[in-house]
Amino acid sequence: MLSFIDKAVLQLDRALQTLVPRAATSSRPSPALLLDDVELTDKERKHAAGLMRINHTGEVCAQALYAGQATTAKLAKVRQDMQHAADEEIDHLVWCEQRLYDLGSQPSILNPFFYGASFVIGAGAGLVSDKLSLGFVAATEDQVCTHLDKHMTELPKSDLKSKAVLTQMHTDEAKHRAMALQAGGYEFPQPVMAVMTHISKVMTTTTYRI
Ligand SMILES: [Fe+2]
Ligand SMILES: [Fe+2]
């Protein structure tokens, strides 16, 4: 059994891995590495970077949500599955970060704020029940899939590298959503989803720029 101090140190390590540039390493190579570099105009590069910055912050939120959940939810049967999902989120985080640097940009300066807020939500939901906690994961993954679909059509046509990253992420997120629901996650009603969409707009509009 881990002591409170052990847990706090692990949490701090995880937060730093997520928030410190180039601190995390992926277990799978980025899908972007399989493709040749294509020249983008300045305008295209800036737009692609804005979208990838949003996706990167989404992954920061995912890390925090899973970390918060792991501290409070019981997850008796699905702890390993959730850990596996969280590991895949690290891949996404690293891929988006690498792509941002390749596009000559950097992650959002607002990430520590979004990490903190998502951690509190994840831990809070886990305190209430596993059903709510897993429901939050499913609802979040659902929102992420919607964003990814949108971004894949909005990316500059020639930015196939970013598109390859988002395509693999979409496959993984859809799997995470199905897993959370199968594990007993509560399927949020439409009005709740609408509120979540509203909140996520705050994140997407701010991190596109900074
Ligand atoms: Fe992800
Ligand atoms: Fe996910």
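Me: I'm new to this one. Which residues do ring pairs link into a cluster?
Reply: That cluster is made of F136, Y186 and F188, joined by ring pairs. Keep in mind that this is a predicted model.

Me: How many aromatic pairs does the count come to?
Reply: The count is 3 aromatic pairs. To read one, you look at the distance of the ring centres and the angle of the planes. Take F113 and F114: their centres are 5.1 Å apart with 65° between the planes, an edge-to-face pair.

Me: Are F113 and F114 buried or exposed?
Reply: One of each! F113 has a relative accessible area of 56%, so it counts as exposed, while F114 is buried at 10%.

Me: Now the metal. Which residues coordinate the iron ion (ligand 1)?
Reply: Its donors come from E59, E89, H92 and E173, at 1.9 to 2.4 Å, with H92 using ND1. Along the chain they follow the spacing E-x29-E-x2-H-x80-E. Distant parts of the chain are linked here: E59 belongs to helix α2 and E173 to helix α6, 114 residues apart. E59 is buried, with 1% relative accessible area, and E173 is buried at 1% too.

Me: What does E89 bridge?
Reply: E89 bridges the iron ion (ligand 1) and the iron ion (ligand 2), and those two lie 3.8 Å apart.

Me: Where does the charged end of R22 sit?
Reply: Over the ring of Y101, 3.9 Å from the ring's centre.

Me: And which residues make the nonpolar surface patch?
Reply: F4, I5 and V9 do, giving about 370 Å². I5 sits in helix α1, residues 4-19, and counts as exposed because its relative accessibility is 58%, where over 50% is the cut-off.

Note on methods:
Residues are numbered from 1 along each chain as its sequence is written. Chains are lettered from A and ligands numbered from 1 in the order in which they are written. This is a predicted model: local features need pLDDT of at least 70, side-chain atom pairs count only at pLDDT 80 or more; totals for chains, interfaces and linings use all residues. Side-chain values use heavy atoms; hydrogens and water are left out. Patches are made of residues with over 30% relative accessible area and no salt bridge: like charges are joined within 9 Å, nonpolar side chains (Val, Leu, Ile, Met, Phe, Trp, Tyr) within 5 Å. Accessible areas come from the Shrake-Rupley method with a 1.4 Å probe; for residues, only the protein chains shown count as cover. A salt bridge is a side-chain nitrogen of Lys or Arg within 4 Å of a carboxyl oxygen of Asp or Glu. Helices (H or I, at least four residues) and strands (E, at least two) are DSSP runs, numbered from the N terminus. Buried means under 20% relative accessible area, exposed over 50%, partly exposed in between (1.4 Å probe, protein chains only). Donors are N, O and S atoms within 2.8 Å of the metal (3.2 Å for Na, K and Ca); water is not among the atoms, so sites may look incomplete. Rings of Phe, Tyr and Trp (its six-membered ring) pair if their centres lie within 6.5 Å; planes under 30 degrees apart count as stacked, over 60 as edge-to-face and the rest as tilted. A charge sits over a ring if NZ of Lys or CZ of Arg is within 6 Å of the ring centre and within 35 degrees of the ring normal.
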